[in-house]
Amino acid sequence: MTAGTLRFRPLDLGRWLVWGGTAALFVVLPHVFTQGFALTLMSQAGIMVIFALSYNMLLGQGGMLSFGHAVYSGLGAYFAVHALNMIGKGQFALPVAALPLVGGIAGACFGVLLGWVTTKKSGTTFAMISLGIGEMVAASSLMLPGFFGGEGGVTANRTAGPAFLGITYGPATQVYYLIAAWTFAAMVAMFALTQTPLGRIANAVRDNPERAEFVGYDTHVVRFLQLVLSAFFAGVAGGLSAINFEIVTAENVGIMRSGGVLLATFIGGVGFFFGPVLGAIVFTLFVVWIANVTKAWLLYLGLFFVMMVLFAPGGIASLIVANLQVAKTGRLKRLLPAYGALLVAGVAALAGFVALVEMLYHLELEAVNDPVLKFLGLALDVKTVPPWIVAAAVLAGGSALYALAWRRVRARWDEVHGT
């Protein structure tokens, strides 16, 4: 008799709880935030989550820095919006809910078309090639108005097609749930891909391509397959964007969108799967919410990105993971008082800085009509000296306290780690 081997793999309850909690969160959020603006914010965040995770398949998992990833999401959006118009005319029998598949397939096809050439090289060469292809496609969007719609883009009506189970996707809530369902499915699929042999060898090619080739893997083929899969999910994000906004313009394939997903991924953390998810949410808050409040949102986004690169190069995810590891040892409570002092000082310094920036913007752009700026419930006359002095004093005092609190945090951190 041949003895068999009995293997037991314990159920990873933590992972199931995380994914179950994520699904429940997607369902509950519209009942908590019922305003139209909140639904718009969450819908755009969901699209950006898919886009950022697809980009991290290149950067974080494959080590490929791309400056033209918007090509795949943008072209996917264009094909999706044309398909949506065909659905409205009765020329294409496809439920609107499945339209992101059109974008995904289009993105994957262009990934096959462009990826074989671009992935022959890695590192800086790949980044420059991706930049050139991105600019080429952006230029083509104005040269081929028949497909790209010229400067006005291509518009569509997501409610023009036949209703599916009584769902027309007219209300913002229905669109949100469609985006949430696709976001959750795409997140699960991309996470599953990280656990496959291709995902593992992509990590090996990222870390040491010479050794990967030495053991028999073709690094070019690995990078190519990773790019095609990444382009598919980017196209899914583009298809959802076409449904959500009902318009696709040249901006969808432009360098600004490629740069935006790069910022979002770096802010969240390229070394962790959930990092781009956090980065996408933060980036969407800047682009949608803060941009709706102040004209200086780009300045704040740029400064936030610089601060993250300088002081937390691993992104927001690295900070969370580091503190979770400390919490497992039961020593996090030693850091909480120092964190509290750091937070108070940081808020004070930030308030002073934002006040100075907002007063400067108001002085240059609005002071001719109204010299009074409404800031945090205060009326600040930007043409008088006292508001500037107070704001500068708050910034200086908050910065000094922040420096002291930071030293305390560093000392406590070294103490917790026994260094």
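Modeller: The largest cavity is lined by Leu 58, Ser 66, Gly 68, His 69, Val 71, Tyr 72, Thr 118, Phe 126, Ser 130, Ile 133 and Leu 227. Helix H3 (70–88) and helix H5 (123–143) are the elements that give two or more residues to this lining, and H5 has the largest share, three residues. This is a predicted model, where local features need pLDDT of at least 70, side-chain atom pairs count only at pLDDT 80 or more, and totals for chains, interfaces and linings use all residues. Residues are numbered from 1 along each chain as its sequence is written, and side-chain values use heavy atoms, with hydrogens and water left out.

Colleague: How is such a space found, and how many cavities of 30 Å³ or more does the structure hold?

Modeller: Rolling a probe the size of a water molecule over the atoms shows where empty space is left. A cavity is a set of points, on a 1 Å grid over the protein atoms alone, where a 1.4 Å probe fits but cannot get out; lining residues have an atom within 4 Å of a point. The structure holds two cavities of 30 Å³ or more.

Colleague: Which classes of residue line the largest cavity?

Modeller: Its lining has six nonpolar, five polar and no charged residues. Ala, Val, Leu, Ile, Met, Phe, Trp, Tyr, Cys and Pro count as nonpolar, Asp, Glu, Lys and Arg as charged, and the others, Gly among them, as polar. The lining of the second largest cavity divides into six nonpolar, three polar and one charged; Arg 158, Pro 162 and Phe 164 are among its residues.

Colleague: How do I describe two packed helices, and at what angle do the axes of H14 and H15 cross?

Modeller: Two packed helices are described by the angle between their axes and the distance between the axes. The axes of H14 (residues 315–328) and H15 (residues 332–365) come within 8 Å and cross at roughly 130°. H14 and H15 are therefore oblique to each other; angles under 35 degrees count as roughly parallel, over 145 as roughly antiparallel, 65 to 115 as roughly perpendicular and the rest as oblique. Asn 323, Val 326 and Ala 327 in H14 meet Leu 332, Leu 335 and Tyr 339 in H15, with contact meaning heavy atoms within 4.5 Å.

Colleague: Is Val 416 buried or exposed?

Modeller: Val 416 counts as buried because its relative accessibility is 4%; buried means under 20% relative accessible area, exposed over 50%, and partly exposed in between (1.4 Å probe, protein chains only).

Methods
Axes are lines fitted to C-alpha atoms, for helices over the stretch in contact, and angles run from 0 to 180 degrees between N-to-C directions. Helices (H or I, at least four residues) and strands (E, at least two) are DSSP runs, numbered from the N terminus. On a 1 Å grid over the protein atoms alone, a cavity is a set of points where a 1.4 Å probe fits but cannot get out, and a pocket is an open set with protein on both sides within 12 Å along at least five of seven lines; lining residues have an atom within 4 Å of a point. Grid points are joined across faces, edges and corners, and a volume is the space filled by probe spheres set on the points.
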